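Trainee: I would like to learn how to read the features of a model. Please take me through them one at a time.

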Amino acid sequence: MLTGRGRYVSDWNLPGQAHAHFLRSDRAHAEIVSIDKEHALRHPGVLAVFTGSDLDLKSLPAALPARGRGGTELINPGRPALAQGRVRFAGDAVALIVAESAIAAHDAAELIAVEYRDLPVVVSTGDALAAGAPLVHDSVPGNIVLDYESGAEAQASEAFRKAARVIDLTVDISRVVGNPMEPRACLAAYVSDQYHLYTCTQGVAIMRNQLSAVLGVPPERIRVIAEEVGGGFGVRFNLYPEYCAALFAAKRLGRPVKWTGTRSEVFLADEQARDVRSRGELALDASGRILGMRFDMVANLGAYLAPTGPFINTIGIVNCLSGVYDVPATYARIRLALTNTAPMAAYRGAGRPIMSYALERLMDHAARELGLDPAEFRRRNFIPKDKFPYRIAAGFEYDCGDFAGVLDTALHASSWKSFDQRKAESAKRGKLRGLGIATYIEATGAGFAPHDQVELRWEGGGNDSDGRITIYAPTHNHGQGHETTFAQLLSGVLGLPLESFRLRTAGPEFYIAGNATGGSRSLLAVGSVVMLAGQEMVKKGMALAAEALEAAVADIEFVQGRYRIKGTDRAISIQNLSRQRPGALDIQYQNKFGATFPNGCHIAEVEIEPETGDAEIVSYVACDDAGNIINHQIVEGQMQGGLTQGAGQVFNELAVYDRSGQLLTGSFMDYAMPRAGLVSGIKLIDHPVPTKLNPLGAKGVGEAGVTGSMPALMNAVVDALRQAGVEHFEMPATPARLWEALQKTKQ
Ligand code: MCN
């Protein structure tokens, strides 16, 4: 990467390739009356123009392994690779132009005349659910694809009936755009009866299965290839319609087809995320103990179901429904609504930040209403250590944790008790200082595929020191440092230096089954399989080493990379053995390890300058339990990255559609990304409670920073605003919005 040899998608080229451009709808909802492509077809260099009716492809898949209230099923209205008869969001792809150059394809797109008949538009879930609202799809009554529930409604109602006090809070979790570094791109080819797709993906297995459903061919006839992926953040998990259309064109034209999207297309047509309104309620007894908890949420899924959109916005949200709290009765209802906006799916945290935000904002609000210290109110309701394993209403069983220990460490490190002093000092400087806390837990990815496969193959030869092992794994690395941590694991088992290992996840010549990178499961699930595969290799080598050393297997031991006859200095290194017996030590191994429950306590202090609305994070402490940690530097980087994404959503980012469904924030001029200065001075502390759910004792960390930071930061903002008399505030806390909220209190 540093020497420029890393290959992102747009760095790939194939002989004879043609170039693609997508014509996109400039309106949010309309019937397509006609498409005239004659002029475009006559444009120099144009090879073909395809529209929805030309493609012989099936709908993109979307499924949910669960039913809704009363046993109802998810309605999937389907999504064609190119719009058919109707466009449903501004940015919906209407035509694919293939030409000898990208410029020719782009120019020809402007010669296509599409006649539209506009239809009424729904943008917010409020609009979509209103009586008589226009339908995004005629097959989806009331624009609701599923009315989902989790927990025990009757039991929760009973708790609310008995409660001494009920406290509720409604919050909006804003809509954001993922914005990886490389815009979406693909190079599609049809080679010897196989579809080859070079693209930016978090893992090939899931995309291959999704493609198989659209192309109508078995997965074995599909190869998905990726090397460098400039960030995934969840929005590079699923298959997108453009890839299907490009593969169709490549086969039809008998030439590879390359498409490189623009940043504008990222904003318009990448999956977006969050956008959930949540009403939460706590039923409390007289001593401030939670008797019951209820949530009523509406999630905006956009114009079509993204393949994992329904999952993320149901199971992904409720899988840690009651957080770190010991709650006898919990219940959540989530309605999944369609609107004329870009489809929604995963974004770092994939549902969990929605739950932790809704819950931790509610917890803080309740503490303030009850006049209790927010930390003590939480502690009073924690699941105590002696209650593990603890099964929550949504079905997951937390195996371990030390929530009080984590809280105490964070309180101490943040000097929680002396906050009032710092608040007074800030006030002297004319600033409002707020304190926010969140105690979160998340379920890191159980994984959809039945198992994760790993292969370890010896490559190279030469002298004793340069036998190398290639690790073939299903999870794609796009910034998480898997090359380092997976190598560390094997280095520990095989006694070889780190540089002996190379990691590959997707190439045209091989396929590895398993789960993509997602749900922060790569280490705990695939890393565990990598380590066990290493141990299998050592075992496999015992008999070979015994033969080579002319000794009995029982007399052989493996110490620091060498098989040795016990009690002697006669030995053979594992590299030498692999060279003597080429291929004999190679290993294919599979297993599956499921969800773990990382948790933590984040405490933030924010200062707001009332004259300008400028907000600054002046202190941030994150104490997290990620179980055993393999690489502290990488974990810190992951925490910082996650935290920054949380801070970005709280202070800067917001995807805004106007009432006609036009995206107003379609470029970096209008959509503000967080910068390093926003999150300087973070204090990270680990408080490991190793899990027994995988052989590493590790829990996931890739998303924890977001799940903890969003509520902690927003609680701090709200605390600061409360001092000035602001009663309700929704993110993002941009200077303009903060200033406006503060001005209103003066009117
Ligand atoms: N690790 C460790 N000890 C632990 C846990 C993890 O040393 N107890 C290490 C792992 O070995 C790995 C890294 O930390 O090198 C992250 O591991 P893990 O928590 O397993 O998460 P994944 O590798 O599965 O990454 C997925 C997660 C998700 S879901 C999103 S979204 C995300 C994220 O990671 N997108 C990212 N982090 C990202 N970081 C970058 N740079 N780019 C993205 O797109």
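Trainee: How many Å separate the centres of domain 1 and domain 3?
Mentor: Domain bounds come from an automatic or database domain assignment. Taken over C-alpha atoms, the centres of domain 1 and domain 3 are 39 Å apart. This is a predicted model, where local features need pLDDT of at least 70, side-chain atom pairs count only at pLDDT 80 or more, and totals for chains, interfaces and linings use all residues. Residues are numbered from 1 along each chain as its sequence is written, and side-chain values use heavy atoms, with hydrogens and water left out.

Trainee: Which residue ranges belong to each domain?
Mentor: The assignment gives domain 1 as 9-119 + 186-258, domain 2 as 397-444 + 595-747 and domain 3 as 452-591.

Trainee: How many residues of domain 1 are in contact with domain 3?
Mentor: Contact means heavy atoms within 4.5 Å. By that rule, 18 residues of domain 1 are in contact with 16 residues of domain 3.

Trainee: Now the cores. Which residues touch the most other members of the largest nonpolar core?
Mentor: In soluble globular proteins, nonpolar side chains tend to be buried together. A nonpolar core is a set of buried Ala, Val, Leu, Ile, Met, Phe, Trp, Tyr and Cys residues joined through side-chain atoms within 4.5 Å. Buried means under 20% relative accessible area, exposed over 50%, partly exposed in between, with a 1.4 Å probe and protein chains only. The largest core here has 119 residues, and Phe295, Ile608, Phe651 and Val717 touch the most other members. Helix 18 (residues 704-723) gives the most to this core, with 10 residues. Helices (H or I, at least four residues) and strands (E, at least two) are DSSP runs, numbered from the N terminus. Domain 1 and domain 2 both contribute residues, so this core lies between them.

Trainee: What is Val717 in contact with, leaving aside neighbours within four places in sequence?
Mentor: Val717 is in contact with Val606, Ile608, Phe651, Phe729, Ala733 and Leu738.

Trainee: How many aromatic pairs does the structure hold?
Mentor: A pair of aromatic rings is described by the distance of the centres and the angle of the planes. Rings of Phe, Tyr and Trp (its six-membered ring) pair if their centres lie within 6.5 Å; planes under 30 degrees apart count as stacked, over 60 as edge-to-face and the rest as tilted. The structure holds 17 such pairs. Take Phe22 and Trp259: their ring centres are 5.2 Å apart and their planes at 85°, so the pair is edge-to-face. Phe22 is in strand 1 (residues 18-24) and Trp259 in strand 12 (residues 257-260), 237 residues apart. Both Phe22 and Trp259 are buried.

Trainee: How do the rings of Phe311 and Phe448 compare in distance and angle?
Mentor: The centres of Phe311 and Phe448 lie 5.0 Å apart with planes at 70°, so this pair is edge-to-face. Phe311 lies in helix 8 (residues 309-312), and Phe448 in the loop between strand 18 (432-441) and strand 19 (452-459), so the pair ties together parts that are 137 residues apart in sequence. Phe448 counts as partly exposed, at 46% relative accessibility.

Trainee: Where does the charged end of Arg208 sit?
Mentor: A charge sits over a ring if NZ of Lys or CZ of Arg is within 6 Å of the ring centre and within 35 degrees of the ring normal. The charged end of Arg208 sits over the ring of Tyr511, 3.4 Å from its centre. For Arg294, the ring is that of Phe160, at 3.8 Å.

Trainee: How many disulfides are there?
Mentor: A disulfide is a pair of cysteine sulfur atoms within 2.5 Å. The count comes to 0. The closest cysteine sulfur to that of Cys200 is in Cys186, 8.3 Å away, too far for a bond. Cys200 counts as buried, at 2% relative accessibility. Cys601 is in no disulfide either; the nearest cysteine sulfur, that of Cys623, is 7.1 Å away. Cys601 is buried, with a relative accessible area of 0%.

Trainee: Last, a loop residue. Is Arg521 buried or exposed?
Mentor: Arg521 is buried, with a relative accessible area of 2%. Arg521 is found in the loop between strand 21 (501-504) and helix 15 (522-549). C-alpha to C-alpha, Arg521 and Gly700 are 5.8 Å apart in space, yet 179 residues apart in sequence.
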